[in-house]
Amino acid sequence: MEFSLSPEQMTFKEQVIKFARKEIVPRCGEHDLRGEFDFQSFRKLGEFGILGLHFPEEYGGSNADVLTTVIAGEALGEAGVDGGLTLSYGAHTFLCADTILTFGTEEQRQRYLPRLSTGEWIGCMGLTEPSAGSDVASIKTRATKRGDHYVLNGSKMFITNGPVADVAVVYAKTDMDLKRSGISCFLVEKGTPGFSSGKNLLKMGVRTSCTSELIFEDCRIPMENRLGGEGEGWIMALRTVEWDRSALLAPFIGGMTYVLKKCIRYAKERYQFGRPIGEFEATKNKLADLKIFIEAARMLCYRVAWAKDKGRPLNHLEAAVAKLFVGDWSLVPANSALLLHGGYGYCHEYEVERYFRDSRLAPIGGGTSDIQKRIIQRLL
Amino acid sequence: MDFEWTEEEIAMAEGFTRTLSPQLGELETRLNSSEVKLAREGVLRGFGLISESPYCSLILRERQGPTSLLFRERLSYLSPRLYFALEMGNLLFLKIVEPLAQFFKADYYDTLKNLRSVASVLVLEAEGVGPISFVPNGAYADLFLLIAPNQKGYKASVFDQLEIGASTESTPMDWPFGPIFSHMRPKELPYRLDHGVSLELGTLRKIQDQILIGASLGSIKRAFEEARDFTKAKRRGDRPLIACQEVGFKLAEIFTLLDASRHLALRAFWAEEIAHREKDVLLFCAKAFCAESSERVLSEAIQIMGKDGFEGSLKELYLFSKLFGVLGTPTERARVNIGGLLLGA
Ligand SMILES: Cc1cc2nc3c(=O)[nH]c(=O)nc-3n(C[C@H](O)[C@H](O)[C@H](O)COP(=O)(O)OP(=O)(O)OC[C@H]3O[C@@H](n4cnc5c(N)ncnc54)[C@H](O)[C@@H]3O)c2cc1C
């Protein structure tokens, strides 16, 4: 057992934090208030190399291992980047681009990955539907083969980056009689006739990521835009899930570290009853809530990344444990951070309320906590 | 970064389990006996088995790392009583005495280290002589390390059974803690304490916390496995109990707590081994979280198993698990310490 980061990883983490503090964090608050996606920050992430970090160099990436990729996400959170932007980055890089990298043909990779790595294009992934969330196999979006193309009909729901995406990885049924093995995957570009996105949904948190419906009405998709083989969609979605449960969790954990630092500062500066509130044991107890969560969650998240780097096939149990822990056990420390700031914690300016709102997505997005328990239950 | 045990570590730990497991039934009968003589016999017999393994040398290293936790979790899982007799008795004694060895008579040292005799550690929190509870091996130890305050701080001093009055002044505690733990009222010994060796109470607490982390992990693992096996065997209607969501989801939470506690503890022990700048705060984090998780998991496991949960070993582990939060650095104190360290206090 050895838990240290390499000197390169530590240096890289510092660099990401420095970059994000300078270029991105100052813009987060206002975008969160307005509930707007920040194109400029997104492109900056691309310029810095984060969007395609783990891609091979020929596709605009840096060939980073999974752990380094996870550390980059953690560093964004730790710098104070809001959960909306990190979610947009996650959906773009891991749910969309990585699927193309893993399952795409050389032509598909060449066409999309360099643009996605730089942030010139934005990607999204559509799996959830208005009536199919946890029960993914029951999706109703249909892809009918007609000669040299498919025709897509149906809709997707809660799609991160939906309103701004240039390309969508979309899961649809090519055989309605089959459940999982009837699902296939397609690449749909913005502007394709019959493809549109709904309005940006007003959300509790992660407000700088835009979320919408994707609508397909007799949308013609050329055969070469099918990603992977017919009926392979389920396997592809499952693989994505591992990213959902490692790299996408990392910014939540980094964010909690950011919040902990704010809490420590506040506990020293805020005086009540003639002394800093940090001198009260109840305040120290709240700090402990945050620290314990961060340390345990980080280990579970790093372990999924480490297992992926080792090339272990689908680590469902470890991934579900990490997701469940971050989802369910983050509520108390997020609440403690809010309470520690008293009335100021309830106000936008102090950022902890934003973290509280953003972190409430952790037990929902990428498979709810109940679904993680279901996976663990089965694997036990 | 590496989350895997080496093959050598796994082989050692499995060899340890193989040696101990077949003897456990008989050992437990003795360790649970109300007869002090039988309990001592059980302890020494268990010690004999453990002495063949690398257990003690791992724990007695100045900087113990994650591997020691691998063994601790196993022993506390197999036999919490033997675990406490060994860890809170001989090993705690030796760990405290070792750096001070030149101050003590050395003749008893080797027999304790080779686990051929039994030791106990008593801590008097306040000045003067009063009753002490949860004295490990108090009713039958050969040697006692008394830690007590005097005007200048805490002093540690070694006594034998007669000097401290163990035979007359100790009574095994009620089940499930007795006979491994006793109530004791040591004789007045201020003259000897004045010649004892100064000790930071924090040093003692830290070692106790490491012991209690191991104890917590073993008990969580035991609770998880018993509940899981029970719910697989027991049927509700035409399906096993584990297939019911209310039960299966609770088990999933228990498993998550086991995994999270274990990894937090491993990190803390790793930090200790490499003298990481956050080693102290991480140890408090691990102590608080593992002890709290253990109590919660035991409660949930019993709930899952219903009345059957009260029959087997879970009932006693439930009470033990409460102890994990109370002994060493109590959970609430550990949390305050974490906050204090973060604030730079
Ligand atoms: C901000 C945001 C961004 C998102 N981004 C994307 C995206 O980019 N792409 C995408 O495809 N999806 C996305 N999602 C969708 C997300 O993955 C789903 O919301 C999630 O999987 C849950 O599905 P649902 O909302 O339909 O809830 P449902 O599945 O309807 O669940 C409702 C409730 O029932 C419980 N439940 C359901 N089934 C079971 C069961 N078998 N046992 C016990 N309890 C059960 C759930 O835990 C939940 O509490 C996003 C969602 C949000 C909120």
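Modeller: This is a predicted model. In it, 43 residues of chain B are in contact with 40 residues of chain A, and the two chains bury about 4100 Å² between them, 71% of it on carbon and sulfur atoms. On the side of chain B, Met1(B), Phe3(B) and Leu343(B) lose the most area to chain A, together 21% of what that side buries.

Biologist: What makes Glu278(B) and Lys291(A) a salt bridge?

Modeller: The cut-off is 4 Å between a side-chain nitrogen of Lys or Arg and a carboxyl oxygen of Asp or Glu. The closest N and O atoms of Glu278(B) and Lys291(A) are 3.0 Å apart, so the pair meets the rule. Between chain B and chain A the count is eight salt bridges.

Biologist: Which elements of chain B supply the side that touches chain A?

Modeller: Helices H11 (201-233), H12 (245-273), H13 (279-305) and H15 (331-342) of chain B each give two or more residues to that side. H12(B) has the largest share, 16 residues. By type, the residues on that side of chain B divide into 26 nonpolar, six polar and eleven charged.

Biologist: Why is the pair of Arg335(B) and Asp289(A) said to join two chains?

Modeller: Arg335(B) lies in helix H15 of chain B and Asp289(A) in helix H9 (residues 281-309) of chain A, so the pair joins two chains. Their side chains meet at 2.8 Å, N to O. Both Arg335(B) and Asp289(A) are buried.

Biologist: How do you know whether chain B agrees with a compact globule?

Modeller: With 345 residues, a compact globule would have a radius of gyration near 20 Å; chain B has 20 Å, so the value agrees. Of the 345 residues of chain B, 61% count as buried.

Conventions:
Residues numbered from 1 in each chain as written. Chains lettered and ligands numbered in written order. Predicted model: local features only at pLDDT ≥ 70, side-chain atom pairs only at ≥ 80, totals over all residues. Heavy atoms only, no water. Contact = heavy atoms within 4.5 Å. Buried area = accessible area lost by both parts, 1.4 Å probe. Helix = DSSP H or I, 4+ residues; strand = E, 2+ residues; numbered from the N terminus. Nonpolar A, V, L, I, M, F, W, Y, C, P; charged D, E, K, R; others polar. Rg over C-alpha atoms; globule rule 2.2 N^0.38 Å. Buried < 20%, exposed > 50% of the residue type's maximum accessible area, 1.4 Å probe, protein only.
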